[in-house]
Amino acid sequence: MMQELYAGVDVGSTTTKAALVDDSGTLLADAVGKSGFDFAGAAEEVFAQVLKSAGVERQQVKRVVSTGYGRRNVAFADEMRTEIFCHAAGAYHYFPETLTIIDIGGQDNKIIRVNAAGERETFAMNRKCAAGTGAFIEEISYRLGLELSDLNGMAEKSEHEVSIGSFCTVFSCTEILGLLRRGAKPEDIVKGVFRSVVKRVVEMGAIVGKVVLTGGVVAHNPIIADMVAEMTESEVVTAPHPQTIGAYGAALAARNL
Ligand code: ADP
C-alpha cells in the first residue's frame, strides 16, 4: 500500500514555502519560492516542487493545511491554521520544552511563547513597520548597492560595529549615508543594521526558556543567532530548516487532523 503523506503550505508576504511529511512527521521535502503578486500561483508552484523532489504523486497527499498571510489563497488546502500556530507546532516538534520562538520574516516579526506542554501562552507580532524585519535589511542592502546574500559574510568581518540609532528605514538610510561619509566601513554598517533588527525584535516580548529562531532572515544570516544569544543572554538555537518551519508545522497539523 502506498504511504500516506501530508503537506503544509505557508504563503508569507515575501516568500511562499511548502513542506511534505510522512505519517511519522518526518520531513521528506521542502521548498521556498517568491510570493509575488499571485499567491495562489506561488502556492501551486512550491507544492509541485515538494512533490517533485520527494518523487511522489499528488494522490499520495492525504491532506493539506495552509498558513501564513495568504493562507486563504490556497484553493487546494483542506484547512487553514494561523502562522502563530504553525511556527509553534514546527518548533515544538524539534524542541519539546518551554520555548520562546522568534520569527523574523520578510515583512513582519513575531515572538511566540510556548510552555513545556506545547501550549501557546502569549505572542506579539509587528506587521506595521519594516523595522526588525527582512524588508529593513533588503531596503538597506539595495540603497548600499549590496547583494543580500553577501551581508552575512560582510558582518562577520566587522571589527568596529557602528550603532544605527534609528529604527525607521528612511531615517536609517540617511544615517548610513552620513556614516559612510565619515569613513565607516560597509561591513561595520551591515553589522550595525543586523544589530538594529535584533534589538527591535527582542524588545517586543520577554524571553522564557530556550529561544528558537525561525524565518528567512535567520536562515540566510546565521550571525543573527549569535547576536540574539549575546543580547538576550539565553540559550539560542536556530530551528532546523528555519525558513520552512511554518510550512512544516502546517504539514504536522494536516497529519493530526
Ligand atoms: P515571509 O515573511 O514571507 O515568511 P521569510 O521568513 O521567508 O518571509 O523571510 C524573507 C526574508 O528573508 C527576506 O526579507 C530577506 O531578508 C531574507 N532572505 C530571503 N532570501 C534570501 C537570500 N537568498 N539571501 C539573503 N536573505 C534572504
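## Basis of the model

The model is predicted: local features need pLDDT of at least 70, side-chain atom pairs count only at pLDDT 80 or more, and totals for chains, interfaces and linings use all residues. Residue numbers start from 1 along each chain as its sequence is written, and side-chain values use heavy atoms, with hydrogens and water left out.

## Overall form

The chain has nine helices and 10 strands. These elements are DSSP runs, numbered from the N terminus: helices are H or I with at least four residues, strands are E with at least two. The radius of gyration is 19 Å, close to the 18 Å that the globule rule gives for 257 residues, so the chain is as compact as a globular protein of that length. That radius is taken over C-alpha atoms, and the rule is 2.2 Å times the number of residues to the power 0.38. Along the principal axes, the C-alpha atoms fill a box of roughly 70 × 40 × 30 Å.

Of the 257 residues, 53% count as buried. Buried means under 20% relative accessible area, exposed means over 50%, and partly exposed lies in between (1.4 Å probe, protein chains only). Contacts are heavy atoms within 4.5 Å. Among contacts with a separation of 6 or more, 63% join residues 24 or more positions apart.

## Surface and charge

The chain exposes about 11700 Å². Carbon and sulfur atoms supply 51% of that area. Areas come from the Shrake-Rupley method with a 1.4 Å probe; for residues, only the protein chains shown count as cover.

There are 25 positive and 32 negative charges, and their mean positions are 4 Å apart. Lys and Arg count as positive, Asp and Glu as negative; His and the chain ends are not counted. Each charge is placed at NZ of Lys, CZ of Arg, CG of Asp or CD of Glu.

## The five-stranded sheet

An open sheet of five strands runs in the order β3-β2-β1-β4-β5, with mixed pairing. Its edge strands are β3 and β5 (79-80), each pairing on one side only. Two strands pair if DSSP finds at least two bridges between them.

Strand β1 (residues 5-11) pairs with β2 in the antiparallel sense over six bridges. A hairpin through three residues joins the two strands. A7 has L20 of β2 as its bridge partner, and V11 stands opposite T16 in β2. β2 also pairs with strand β3 (residues 27-34), again antiparallel, over seven bridges. Here T15 stands opposite K34, and K17 stands opposite V32. The hairpin of β2 and β3 has five residues between the strands, and G25 in it takes a positive phi near 85°.

Seven of the seven residues of β2 (residues 15-21) are buried, so the strand is largely enclosed by the rest of the structure. In a regular strand the side chains alternate between the two faces of the sheet. Both faces of β2 are covered. T15, K17, A19 and V21 are buried on one side, and T16, A18 and L20 on the other.

## Helix α8

Helix α8 (residues 223-232) has I223, I224, A225, M227, V228 and T232 buried. These buried residues pack against several elements: β6 (99-104), α4 (151-157), α6 (186-202), β9 (210-214), α7 (216-220) and β10 (236-238). E233 follows the helix with a positive phi, near 50°.

Q3 lies in the segment before β1. At 41% relative accessibility, Q3 counts as partly exposed. Leaving aside neighbours within four places in sequence, Q3 is in contact with D22, D23 and Q60. The C-alpha atoms of Q3 and G55 are separated by 13 Å, and the two residues are 52 residues apart along the chain.

D150 is found in the loop between α3 (134-144) and α4. With 42% relative accessibility, D150 also counts as partly exposed. D150 and N221 are 71 residues apart in sequence and 9.3 Å apart in space, C-alpha to C-alpha.
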